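Visitor: I have a structure to look at and a few questions about its side chains. Can we go through it together?
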Amino acid sequence: MLRQVFANRRHSIQASLSSNISNPLNRDYSLLLNSHFLAAASPEFPNNDIQVRWKRRDGNKKFLEQRKPTRKQKKLYRRRERELFNEKVGKHSPPGSKAGPSRQFDEETRQQYLNWDKIAAEAEEEAEYDINDAILDDMVGNTAELTASPTPEPMYYGHKHKSYYNRVATQMALYKQLLQQEEGDNESRGLVDYSQLPTDQDISLVVRSFRDRHGTRRKPVGVVKALEHLLKDLEVPIALFSEKTFTSLLTCCSTPTEARRIFRLMQEYQHPISEYSWSILVDIHAKLGDFEGCDQVMREMVTEGVHPTLPAYTSLLAACYKGINSGHSSRKTRIKAGELGWAKWKEMRIVGVEADAMAYGAILRICAARGQAERAKNLLEEMYTFEVKPTTLCFTSALRAVARSHQIAIRFENGASKKFRRRQMVASYHGRLAREVVILAETT
């Protein structure tokens with residue numbers, strides 16, 4: 001089919017050129033076309049591709065013309081021209097421009113920073129403390145020591161363990177040496193000075209420093225390791241243990257079962273269980289979040305004729321907070337923990353135990369977890385009435401109580417009121433509560 005098309009085209013071209021065949025140029029062109037179509041239709045081109053030679057565009061017609069500069073070349077040219085102009089005339093701004101005053105201000109500020117020490121020293125000599133400075137100090141918080149007390153922290157003895165250990169080890173080595181001399185010489189019997197033995201205070205310091213060095217409050221070292229350190233490493237007999245040593249061992253206990261073993265050991269050596277030891281047992285339950293165990297231990301204290309102490313009440317309140325704030329506790333458990341904490345707080349006030357900043361902080365955390373904003377605000381005012389300086393934890397807990405109360409109110413309101421007026425009233429009310437708490441924090 002394709003060969004027939006090429007043949008038809010060849011015949012049409014030959015017919016058009018037959019009238020002018022006498023011209024040699026036309027004759028050659030006719031022969032060229034004839035050979036071209038024959039070659040295209042020959043079997044040497046299996047795909048029957050047609051090679052058409054198009055007229056090539058002349059790309060050299062602008063060879064002698066000058067090429068336009070690029071953007072980069074223009075930028076470099078302008079920069080060079082500007083530099084030459086500034087060198088010749090000088091750098092300045094046109095009339096009415098803001099560049100000159102701005103550069104002058106920047107230079108003055110730079111010089112002030114360079115000479116800041118000298119300027120500050122002159123300002124301190126001339127300046128006077130006025131109401132604006134007082135407001136600034138109050139906002140920044142430089143007067144925090146007038147309105148709040150620092151959060152109490154337990155003393156750390158871990159860095160002194162080596163010195164305490166060496167002191168007791170030296171005393172025990174001297175005592176053993178005297179015993180050996182007494183056994184070898186009959187005349188020196190009864191001359192051993194038992195006052196050279198380590199005292200109860202020294203042994204207690206060794207235990208406390210060992211506890212702080214190898215354990216933390218959340219992960220105590222354990223009573224087994226503490227006893228091994230005393231009985232095996234230092235070879236201190238249990239007969240030298242007294243009240244301070246036993247209480248230090250109680251602070252090393254990680255579970256209430258270990259504390260009960262220390263209690264039995266104290267009873268075997270006829271050492272009375274003091275109210276401080278009972279308070280430590282309550283604190284061990286509190287670390288585990290067992291508020292019911294804390295309540296049971298405090299009932300045992302009353303049965304044994306020991307009045308519950310302020311640390312015991314504080315530990316119970318901390319355990320109640322853990323029970324409320326724990327994500328694994330059921331709703332019933334949280335309600336029970338909150339009610340028990342508030343009941344013990346009222347009991348503490350009725351019994352006559354004076355609360356300190358830590359106790360107020362514990363009950364305020366319970367109010368924050370339960371969203372009792374009004375009760376938290378009243379407790380802060382009560383602290384000022386009884387002249388107890390709040391800590392930062394007390395104020396933050398009160399603000400969290402306000403935030404929690406607002407969250408609960410918005411959650412159960414559901415925006416069903418007309419034009420959200422109820423929501424606006426709730427938000428305004430909690431905003432006033434938060435403002436009052438902040439004013440209490442800033443009041444001297």
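Guide: This is a predicted model. To start, the side chains of arginine 299 and aspartate 295 form a salt bridge, 3.5 Å from N to O.

Visitor: Where do arginine 299 and aspartate 295 lie?
Guide: Both are in helix H14, residues 291-303. They are four residues apart, about one turn of the helix.

Visitor: And is arginine 299 buried or exposed?
Guide: Arginine 299 is exposed, with a relative accessible area of 54%.

Visitor: Is lysine 344 buried or exposed?
Guide: Lysine 344 counts as buried, because its relative accessibility is 9% and the cut-off for buried is under 20%. Glutamate 347 is partly exposed, with a relative accessible area of 30%.

Visitor: How many salt bridges does the structure hold?
Guide: The structure holds 14 salt bridges. One of them is between lysine 377 and glutamate 436, with the closest N and O atoms 3.4 Å apart. This pair links distant parts of the chain: lysine 377 is in helix H18 (residues 373-385), glutamate 436 is in helix H20 (residues 421-442), and they are 59 residues apart. Lysine 377 is buried, with a relative accessible area of 16%, while glutamate 436 counts as partly exposed at 33%.

Visitor: New topic. How many disulfides are there?
Guide: The count comes to zero disulfides. Take cysteine 253: the nearest cysteine sulfur, that of cysteine 252, is 7.1 Å away. Cysteine 253 is therefore in no disulfide, as the two sulfur atoms would have to be within 2.5 Å.

Visitor: Is cysteine 253 buried or exposed?
Guide: Cysteine 253 counts as buried, at 1% relative accessibility. Cysteine 367 is buried too, with a relative accessible area of 1%.

Visitor: Which residues in the largest nonpolar core touch the most other members?
Guide: They are Leu230, Leu249, Ile262, Trp278, Trp345 and Leu380, out of 77 residues in that core. In soluble globular proteins, nonpolar side chains tend to be buried together.

Visitor: What does tryptophan 345 touch?
Guide: Leaving aside residues up to four places away in sequence, tryptophan 345 touches Leu317, Ala355, Ala359, Tyr360, Ile363, Leu379 and Glu382.

Definitions and conventions:
Residues are numbered from 1 along each chain as its sequence is written. This is a predicted model: local features need pLDDT of at least 70, side-chain atom pairs count only at pLDDT 80 or more; totals for chains, interfaces and linings use all residues. Side-chain values use heavy atoms; hydrogens and water are left out. A nonpolar core is a set of buried Ala, Val, Leu, Ile, Met, Phe, Trp, Tyr and Cys residues joined through side-chain atoms within 4.5 Å. Buried means under 20% relative accessible area, exposed over 50%, partly exposed in between (1.4 Å probe, protein chains only). Contact means heavy atoms within 4.5 Å. A salt bridge is a side-chain nitrogen of Lys or Arg within 4 Å of a carboxyl oxygen of Asp or Glu. Helices (H or I, at least four residues) and strands (E, at least two) are DSSP runs, numbered from the N terminus.
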